[in-house]
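Here are my notes for you to read with the model open beside you. Take the points in order and find each piece on screen as you go.

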Amino acid sequence: MQEELNQFERNDVWELLPCPPSQTIIGTKWVFRNKLDDQEEGIDYDETFAPVAHLEAIRILLAYSCFKNFKLYQMDPLGFENISRPNDVYKLKKALYGLKQAPRAWYDRLNSFLLQNGFIRGRVDTTLFVFEKGQDCLLVQIYVDDIIFGATNDSLCKKFSKLMQGEFEMSMMGELNFFLGLQIKQCQEGIYISQSKYTKELLKKFGIEEGRTVSTPMATNVKIDKDEKGKSVDESKYRGMIGSLLYLTASRSDILHAVCLCARFQSNPKESHMSVVKRIFRYLKGTIQYGLFYPKNENFSLKDYSDSDYVGNIDDRKSTSGSCEFLGDCLVSLFSKKQNCVSLSTAEAEYISAAFCCTQLLWMKQTLADYKCSFENFADLFTKPLPSSSFCPLLSKMAVKNIYSSS
């Protein structure tokens, strides 16, 4: 980035001037986009893919910090400031843009540095790095240039902070309290995760600050279909509302199912679909402070709950699967998704839902192995034959609910 700024000066991109008193100043951000007819893959660069942490991986780290009772901290690259003229602003004269391989280059640089200093990279989640010293361990999770970390011994955090600041121009931002749009409150009882600020902004953006509230995100007797004879609404606005709500489900599991149902009709949405979406917003208006709470306790068992409806989609007769995965009392993963095929029985719908859960549980089990957490009886479902009566519609749900549990 410093090289980019030097390049700006050499190319006379902007000039530093006193801030005009009557003008609104636009903040700058680093935006990396593709350059046209400039660099060629295989000649100027090779791989551009940069690993990005799953949201579930972030939640697992938060749940583990509650289990081990340690604080999480955050680091970020330093901003740029002209030391001699800190109150002046840049007047843009022409524009330049950056390189699409920059995130990959940063990951490779950080990855090499951490491995050279004794860290072990996660086998499944390659954005997780672990440093062990005796019985203590330091966990580092990276998301592009944002770094969160914590350790069972606070001295390891201090050493890591000095190590990073000695190698990179990074600032220690203190305890983790805001990450990827999530408000994170670390307290003595546990961790509270919310998006109340984002929720208020959404209500203001879509003009739903006034009016009554409702107690549920969706009425239980509502059946949504394509409504081909209905009146069409603004497609871009509808998609914007759905996209905003999908991001909000990072901490609001209570609206996930309703939002995912509405997301199926983003092509040519109707007034009937918009009314359901607006109900979700009215529900949010009365529940702005809702979020996820991760309590501190000694329970760190891996549990899963799955369910499905049967031919719930009116248009194509497909069922919907849903599940939620817990580490102890901490909800770390959840999904609601329409099944890919038409189920011929309730038992088949349940088994398809259970298959989704098994995939997620296997990923979580392998990820938690890097935390030195083992779940020995996890293999029971695969090693013991199911009884002949296993085609009971509830068996798959109960198997997933009860078997995957370990201290």
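1. Strand S10 (residues 182-186) pairs with S11 in the antiparallel sense over four bridges; two strands count as paired if DSSP finds at least two bridges between them. Lys185 faces Tyr192 of S11 across this pairing. The link from S10 to S11 is a hairpin of three residues. A word on the names: helices (H or I, at least four residues) and strands (E, at least two) are DSSP runs, numbered from the N terminus.

2. Keep in mind that this is a predicted model, where local features need pLDDT of at least 70 and side-chain atom pairs count only at pLDDT 80 or more, while totals for chains, interfaces and linings use all residues. Residues are numbered from 1 along each chain as its sequence is written, and side-chain values use heavy atoms, leaving out hydrogens and water.

3. Now for the other partner of S11. Strand S12 (residues 291-295) pairs with S11 over five bridges, again antiparallel, and Leu292 in S12 is the bridge partner of Ile193. Is S11 (residues 190-194) enclosed or open? Four of its five residues are buried, so S11 is largely enclosed by the rest of the structure. Buried means under 20% relative accessible area, exposed means over 50%, and partly exposed is in between (1.4 Å probe, protein chains only).

4. Next, look at the open sheet: six strands in the order S4-S5-S6-S7-S2-S8, with antiparallel pairing. Strand S4 (120-121) and strand S8 (170-175) are the edges; each has a single partner strand, so one side of each has no neighbour in the sheet. Helix H3 (residues 102-116) packs on this sheet and touches S4, strand S5 (128-133), S6 and S7, with its direction at about 15° to that of S5. Contact here means heavy atoms within 4.5 Å. The axes are lines fitted to C-alpha atoms, for helices over the stretch in contact, and angles run from 0 to 180 degrees between N-to-C directions.

5. Inside that sheet, strand S6 (residues 136-143) and strand S7 (residues 146-151) form an antiparallel pair over six bridges, with Val140 opposite Phe149 in S7. Helix H4 (residues 154-167) lies across strand S2 (72-77), S5, S6, S7 and S8, and runs at about 150° to S7.

6. Which residues have the most contacts inside the largest nonpolar core? They are Leu62, Tyr294, Leu327 and Tyr371, in a core of 41 residues. Helix H2 (residues 55-68) gives the most to this core, eight residues. A nonpolar core is a set of buried Ala, Val, Leu, Ile, Met, Phe, Trp, Tyr and Cys residues joined through side-chain atoms within 4.5 Å. Leaving aside residues up to four places away in sequence, Tyr294 touches a list of residues including Arg59, Leu62, Glu189 and Val332. Apart from this core lies another, of 28 residues, with Val214 and Met274 among them.

7. How many disulfides are there? The count is zero, taking a disulfide as a pair of cysteine sulfur atoms within 2.5 Å. The sulfur of Cys262 is 9.4 Å from the closest cysteine sulfur, in Cys260, which is too far for a bond. Cys260 counts as buried at 18% relative accessibility, and Cys262 does too at 1%.

8. Finally, confidence. The protein chain averages a pLDDT (the predictor's confidence in each residue, from 0 to 100) of 83, and 85% of the residues score at least 70. Go carefully with residues 379-407, where the pLDDT is below 50.
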